[in-house]
Amino acid sequence: MRNIWAFAWGALVGVLGGLIGLGGAEFRLPVLVSIFNYRTLQAIIINLIVSLVTVTFSFIFRSGVVGLENVVTNWEVIINILAGSLIGSDVGVHYATRINERVLNRVVVVFLTFLSIVLIGHNLIFSLGSFQLPSLVKISVGFLAGIIIGIFSSMLGVAGGELIIPTIILLFAVDIKLAGSLSLAISIPTIVMGLFKYRSQQRLKEVKSEQGFIGSMAFGSILGAFIGSSLLRYVSSSLLYLILGLILLLSALKLAKHKTAA
């Protein structure tokens, strides 16, 4: 029954991720901690594994809607932010494996709350348009943003799409749907880097006994990503961001009430 619920939650989160161009980790993390009672670090590692599956298949499924050629055309944007995110991912794992569990949980809550505000207020953010900055400044800001995104990705087990997408839109004036696919292209190697670091620190063995659970959630995520990507052309982005923002805020509140070991 536990694996069935894992599949169901994976599918649900996968739909949300496929629609926007995210790994859905922000929604999955509170579920892993609050519903399935994983310790925060365990939840983060499981989240990274399932997120990798979700973003990979979301990218594949979305290519039919957004167009792979449009993603390739914007390779400079991908390389710019990815260069920083890989560095940040390395740094994030270092702190995630050394920080107190209770403190890490609080960091997760603050991050989720921040993301909910970003999502709910997306109309204001996106209405600002792209910043008219010199190319060198754009590249520098994109690189620094990538470092911050990479740190959060490996520390919290998320793909960081909620930060990547607004960064791409504001800096490079890219359409939101294309920005979602570019975000997925950036997220895939960032997550791989985070998992590689956890593996090098022998942390993956902490979830070795959960292979059945992880597999069930991953398969559910693939199905959800397919459904979400298929609905991409029919759903209003403005309404969707508002709904996801509210869900994220509720998830943060629920996670804040969850007791962790000191």
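Predicted model: local features only at pLDDT ≥ 70, side-chain atom pairs only at ≥ 80, totals over all residues.
The secondary structure of the protein consists of 12 helices and 0 strands. Of the 262 residues in the protein, 53% are buried.

Helix α11 (residues 211-230) was examined together with its surroundings. This helix has 20 residues and spans 29 Å from its first C-alpha to its last, which is close to the 28 Å expected at 1.5 Å a residue. The buried residues of α11 are F213, I214, S216, M217, A218, G220, S221, I222, G224, A225, G228 and S229. Elements covering these buried residues include α1, α2 (25-35) and α3 (40-66).

Of these covering elements, helix α1 (residues 2-20) has an axis that comes within 6 Å of the axis of α11, and the two cross at roughly 35 degrees. The crossing of α1 over α11 is right-handed. In this contact, 12 residues are nonpolar, 11 are polar and 1 is charged.

Helix α3, which also contributes to the cover of α11, contains a kink of about 25 degrees centred on I60. The residue that follows α3 is G67, and its phi is positive, near 100 degrees. Helix α3 also packs against helix α10 (residues 176-200), at an angle of about 145 degrees and with the axes 9 Å apart. The crossing of α3 and α10 is left-handed. The residues of this contact comprise 17 nonpolar, 7 polar and 2 charged.

A further feature concerns L242, a residue of helix α12 (residues 237-257). The C-alpha atom of L242 is separated by 4.8 Å from that of I120, although the two residues are 122 apart along the chain. L242 counts as partly exposed because its relative accessibility is 37%, a value that falls between the limits of 20% for buried and 50% for exposed residues.

Definitions and conventions
Residues numbered from 1 in each chain as written. Heavy atoms only, no water. Axes fitted to C-alpha atoms, helices over the stretch in contact; angles between N-to-C directions. Helix = DSSP H or I, 4+ residues; strand = E, 2+ residues; numbered from the N terminus. Left-handed = near helix turned anticlockwise from the far one by under 90°. Nonpolar A, V, L, I, M, F, W, Y, C, P; charged D, E, K, R; others polar. Expected span 1.5 Å × (residues − 1). Buried < 20%, exposed > 50% of the residue type's maximum accessible area, 1.4 Å probe, protein only. Contact = heavy atoms within 4.5 Å. Bend = angle between axes of the 7 residues up to and from the residue.
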